[in-house]
Amino acid sequence: MASNVRGADRGDIGHSSHGGVEVGGWVVFAAVLMIFVGFMTLFQGIAAIAKDDVFVSTRNYVYQFSLTGWGWVHLILGIVMVLAGFALFKGALWARMVGVALAGLGMIANFMWLPYYPFWAVLLIAIDVIVIWALCAAPRWKDVQ
C-alpha cells in the first residue's frame, strides 16, 4: 500500500487524539528500564553513603575512590536517570539522546563499581546496554510522519 508508512503498522510512534505524540513500544520499553535502573542506582548510592556492610573494598584497584564518594555519584546519577526515564514518555528526541548519554554514563559508573559489588554492577551494565539499544532501535519521528 502506498499509504502505509514504515513503522506506523507496528504502532511505534503516531499521532494522539489531542495532537501530541504517542510513544511507541521501544521507547516505552527503554523508559521503563531506565526508570528501573535509575531507582536501583539511586538505592545503590544510598546504601554506599550509609556504609552498608554489603560492600567489600578491594585493595589496589585502579579506579579507587571512597565508598561514600561513589555513593554520591550513584545517587545523583540515579536521580537524573529516573527523571530522564519519565521524560522519555513524552516522546521528545532530546530525551532519547539524553537517555543514551545517561545509560552510557551508568555503564561507566558501574564498571568502576565492579570491585564493590560485581554481580549487581554487571547486571546494571547489561540493562544499560539494552536501554541504549532500545533507544537507538526506535524509529525517528520523521520516519513515521
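1. The model is predicted: local features need pLDDT of at least 70, side-chain atom pairs count only at pLDDT 80 or more, and totals for chains, interfaces and linings use all residues. Residues are numbered from 1 along each chain as its sequence is written, and side-chain values use heavy atoms, with hydrogens and water left out.

2. Of the 145 residues in the chain, 41% are buried. Here buried means under 20% relative accessible area, exposed means over 50%, and partly exposed lies in between (1.4 Å probe, protein chains only). Among contacts in the chain with a separation of 6 or more, 72% join residues 24 or more positions apart; a contact means heavy atoms within 4.5 Å.

3. Helix α1 covers residues 25-49. At 1.5 Å a residue, its 25 residues should span 36 Å, and its end C-alpha atoms are 36 Å apart, which agrees. The expected span is 1.5 Å times one less than the number of residues. Just after α1, Lys-51 takes a positive phi of about 55 degrees.

4. Gly-25 belongs to helix α1. With a relative accessible area of 45%, Gly-25 is partly exposed. The C-alpha atoms of Gly-25 and Ala-134 are separated by 9.1 Å, although these residues are 109 residues apart along the chain.

5. The axes of α1 and α2 come within 7 Å and cross at roughly 155 degrees. Axes are lines fitted to C-alpha atoms, for helices over the stretch in contact, and angles run from 0 to 180 degrees between N-to-C directions. The two helices, α1 and α2, are therefore roughly antiparallel to each other. In this scheme, angles under 35 degrees count as roughly parallel, over 145 as roughly antiparallel, 65 to 115 as roughly perpendicular and the rest as oblique. α1 passes α2 in a left-handed crossing; a crossing is left-handed if the near helix is turned anticlockwise from the far one by less than a right angle, and right-handed if clockwise. The residues of this contact of α1 with α2 divide into 21 nonpolar, 9 polar and no charged. Ala, Val, Leu, Ile, Met, Phe, Trp, Tyr, Cys and Pro count as nonpolar, Asp, Glu, Lys and Arg as charged, and the others, Gly among them, as polar.

6. α1 and α4 pack at an angle of about 155 degrees, with their axes 9 Å apart. These helices, α1 and α4, are therefore roughly antiparallel to each other, and their crossing is left-handed. Residues of α1 in this contact include Trp-26, Phe-29, Met-34 and Gln-44, and those of α4 include Trp-120, Leu-124, Asp-128 and Ala-134. The contact of α1 with α4 comprises 17 nonpolar, 2 polar and 1 charged residues.

7. The axes of α1 and α3 (residues 93-112) come within 11 Å and cross at roughly 40 degrees. α1 and α3 are therefore oblique to each other, and α1 passes α3 in a left-handed crossing. Val-27, Met-34 and Gln-44 of α1 make the contact with Arg-96, Gly-99, Leu-102, Ala-103 and Asn-110 of α3. By class, the residues of this contact of α1 with α3 are 4 nonpolar, 3 polar and 1 charged.

8. The 20 residues of helix α4 (residues 118-137) should span 28 Å at 1.5 Å a residue; its end C-alpha atoms are 29 Å apart, which agrees. Buried residues of α4 include Ala-121, Leu-124, Ile-125, Asp-128 and Val-131. The buried residues of α4 pack against α1, α2 (67-88) and α3.

9. Which residues does Asn-110 touch? Not counting residues up to four places away in sequence, Asn-110 touches Gln-44, His-74, Ala-121, Leu-124, Ile-125 and Asp-128. Asn-110 lies in helix α3 and is buried, with a relative accessible area of 1%.

10. His-74 lies in helix α2 and is buried, with a relative accessible area of 0%. With residues up to four places away in sequence not counted, His-74 touches Thr-41, Leu-42, Gln-44, Gly-45, Ala-109, Asn-110 and Trp-113.

How values were computed: Helices (H or I, at least four residues) and strands (E, at least two) are DSSP runs, numbered from the N terminus.
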